[in-house]
Amino acid sequence: MKIIVDTNTSNICVVIPTYNNAATLPAVIESVLGYIASVIVVNDGSTDRTGEILEQYKEKITIVSYVKNRGKGYALQCGFDCARRMGYKYALTLDSDGQHFAEDIPAFVEAIEKYPDALIVGNRNLTQDNMPKKNTFANRFSNFWFVLQTGRRLPDTQTGYRLYPLEKMRRLRPFTSRYEAELEMLVRCAWRGIRLVSIPVRVYYAPDGERVSHFRPGMDFFRISLLNTLFVVLAVVYGYPAMLVRKIISLSFCQK
């Protein structure tokens, strides 16, 4: 297995939050190590064999672990904090359930070289045959609210396959802790003026009965809906004014 460690990836680490995905976690770790040498796995209170599996990789990866499940948003923030302490400028996030392809990592690296300090967001093909209909609906729903909240358009606001600019996000800490935290970070990065760049990525969804998902359709959708409502209000009183001020300041500097 050839590990790519050069100037293109030496300031990038991969953060993998995981909760009870023991069946797919080893393959995900192995595939990622083929492209990025620094991998941080955050064990979000797993109760299956995840701890045993990570013990086998302790010489190859960095492990962050805690006993109680705290949610994906909390796990991501722990991973980002660890990455900053280790001196990394960027953190590429992907899920541990096997839906993301490590082969797409070079595309993220190429994009961040072209757009330094941008937030690179994966764009899944939501029309492929095995894409669950509920995922397609949820993404369109999220995309609609994202336009209202930021005035920007992204084809896929629900994907967890992203490359975050840690230095630009240094004082941005999510106040939500579960799945909705990814939406929160996306909206707040837009308000902060961080460039959002979308790139195509592949996705694999296992047939029903094989894929382990911890998304709770009722409760998590309710939490996301509440967050969207709150962000629409905040967009009026803070988000749009902040973006306008940054635009005015940017134009004034360009004229000097």
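**Entry 1: Arg-202 and its partner**

I began with Arg-202, which at 43% relative accessibility counts as partly exposed, and I kept in mind throughout that the model I was reading is a predicted one. I then looked up what the side chain of Arg-202 meets, and found a salt bridge with Asp-104, at 3.8 Å from N to O. The two residues belong to distant parts of the chain, 98 residues apart, with Asp-104 in the loop between β4 (90-93) and α4 (105-114) and Arg-202 in the loop between β7 (196-200) and α7 (217-255). Asp-104 is buried, at a relative accessible area of 10%.

**Entry 2: other salt bridges**

I next asked how many salt bridges a search of the whole structure finds. The search returns ten, and I noted a few of them here.

Asp-156 pairs with Arg-124, and the closest N and O atoms of this salt bridge are 2.6 Å apart. Because Asp-156 sits in the loop between α5 (133-150) and β6 (162-165) while Arg-124 sits in the loop between β5 (119-123) and α5, the pair ties together parts that are 32 residues apart in sequence. I checked the burial of both residues, and Asp-156 and Arg-124 are each buried.

Arg-49 forms a salt bridge with Glu-52, where the closest N and O atoms lie 3.6 Å apart. I recorded Arg-49 as partly exposed, since its relative accessible area is 44% and that class runs between 20% and 50%.

I also noted a network of salt bridges that links Lys-72, Asp-95 and Glu-182.

I then looked up the pairing of β4. Strand β1 (residues 12-18) runs parallel to β4 and is joined to it by four bridges, and β6 pairs with β4 in the antiparallel sense, also over four bridges.

**Entry 3: positive phi values**

Most residues other than glycine have a negative phi, so I looked for exceptions and wrote down two.

Asn-20 is not a glycine, yet its phi is positive, at about 55 degrees. I placed Asn-20 in the loop between β1 and α1 (25-33), where it is buried because its relative accessible area is 16%, under the 20% cut-off.

Asp-117 also has a positive phi, near 70 degrees, and is likewise a residue other than glycine. It lies in the loop between α4 and β5 and, at 24% relative accessibility, counts as partly exposed.

**Entry 4: a nonpolar patch**

Last, I asked which residues make a nonpolar surface patch of about 330 Å². They are Val-236, Val-237 and Tyr-238. I located Tyr-238 in helix α7, and at 46% relative accessibility Tyr-238 counts as partly exposed.

How values were computed:
Residues are numbered from 1 along each chain as its sequence is written. This is a predicted model: local features need pLDDT of at least 70, side-chain atom pairs count only at pLDDT 80 or more; totals for chains, interfaces and linings use all residues. Side-chain values use heavy atoms; hydrogens and water are left out. A salt bridge is a side-chain nitrogen of Lys or Arg within 4 Å of a carboxyl oxygen of Asp or Glu. Buried means under 20% relative accessible area, exposed over 50%, partly exposed in between (1.4 Å probe, protein chains only). Two strands pair if DSSP finds at least two bridges between them. Patches are made of residues with over 30% relative accessible area and no salt bridge: like charges are joined within 9 Å, nonpolar side chains (Val, Leu, Ile, Met, Phe, Trp, Tyr) within 5 Å. Accessible areas come from the Shrake-Rupley method with a 1.4 Å probe; for residues, only the protein chains shown count as cover.
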